[in-house]
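Subject: A structure to look through

Hello,

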Amino acid sequence: MAWNLSSDRPIYIQLVEHIETDIISGIYKPGDKLPSVRDLAAEAAVNPNTMQKALAELESGGLLYAQRTSGRYITDDAALVNERKNTLAKEQIRSFLSKMQQLGLTAKEAADLILETIKEREVS
């Protein structure tokens, strides 16, 4: 099934984000071998060159490493994965707080609503 990619941003960036999310969420575990460029490109319904560019970007960031004849693997560096997860989470929080501010809520009011919603989810 094709990945949900949009035309409003560069495709390779969206591929990077998709694979990065798969890594930090644990879909790909440390040390796992990634599917081939061609297989990933077919899964995402993109050109293999575009997928290659995305994987090279992830390699330069340290989340992937290549072994010359056997493909690409997920880093074993759990601290790097956790750091990236925290960075992405903080970006989401900043975006959320900005949207709440647009609605006229303070950060404390937004936090209170989050806690209230968590309690509601725990009950249901």
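Predicted model: local features only at pLDDT ≥ 70, side-chain atom pairs only at ≥ 80, totals over all residues.

I would begin on the inside, with the nonpolar core. The largest nonpolar core has 22 residues, and the ones with the most contacts inside it are Ile23, Met51 and Leu55. Helices α1, α2 (37-44), α3 (48-60) and α4 each supply at least two residues of this core, and α1 gives the most, with five residues. If you select Ile23 and leave aside residues up to four places away in sequence, you will find that Ile23 touches Tyr28, Leu63, Leu64, Ile74 and Val81.

Next, please look at the two strands. Strand β1 (residues 64-67) pairs with strand β2 (residues 71-74) in the antiparallel sense, over four bridges, and the two form a hairpin with three residues between them. For one place where you can see the strands facing each other, find Ala66, which stands opposite Arg72 in β2.

The charged side chains come next. How many salt bridges does a search of the whole structure find? The search finds four, and I describe three of them here, including the one between Glu17 and Arg9, whose side chains meet at 2.4 Å, N to O. Glu17 is partly exposed, with a relative accessible area of 33%, and Arg9 also counts as partly exposed, at 36% relative accessibility.

Another salt bridge joins Glu20 and Arg84, with the closest N and O atoms 2.4 Å apart. Glu20 lies in helix α1 (residues 11-24) and Arg84 in helix α4 (residues 78-102), so this pair ties together parts that are 64 residues apart in sequence. Is Glu20 buried or exposed? Its relative accessible area is 7%, so Glu20 is buried, since buried means under 20%. Arg84, by contrast, is partly exposed, with a relative accessible area of 26%.

A further salt bridge is made by the side chains of Lys108 and Asp112, at 3.1 Å, N to O. These two residues are four residues apart in helix α5 (residues 107-123), so they are separated by about one helical turn. Lys108 counts as exposed, at 56% relative accessibility, while Asp112 is partly exposed, with a relative accessible area of 35%.

Helix α5 also has a part in the surface. Ile93, Phe96, Leu97, Ile114, Leu115 and Ile118 make a nonpolar surface patch of about 490 Å², and the elements that give two or more residues to this patch are α4 and α5. One of its residues to look at is Ile118, which lies in helix α5 and counts as partly exposed, at 40% relative accessibility.

Finally, please return to helix α4 and find Asn86, which lies in this helix and counts as partly exposed, at 38% relative accessibility. Asn86 and Ile24 are 62 residues apart along the chain, and their C-alpha atoms are separated by 9.5 Å.

With best wishes

Terms used:
Residues numbered from 1 in each chain as written. Heavy atoms only, no water. Buried < 20%, exposed > 50% of the residue type's maximum accessible area, 1.4 Å probe, protein only. Patch = residues over 30% accessible without salt bridge, like charges linked within 9 Å, V, L, I, M, F, W, Y side chains within 5 Å. Areas by Shrake-Rupley, 256 points an atom, 1.4 Å probe, with all protein chains shown as cover. Core = buried A, V, L, I, M, F, W, Y, C linked by side-chain atoms within 4.5 Å. Contact = heavy atoms within 4.5 Å. Pairing = 2+ DSSP bridges.
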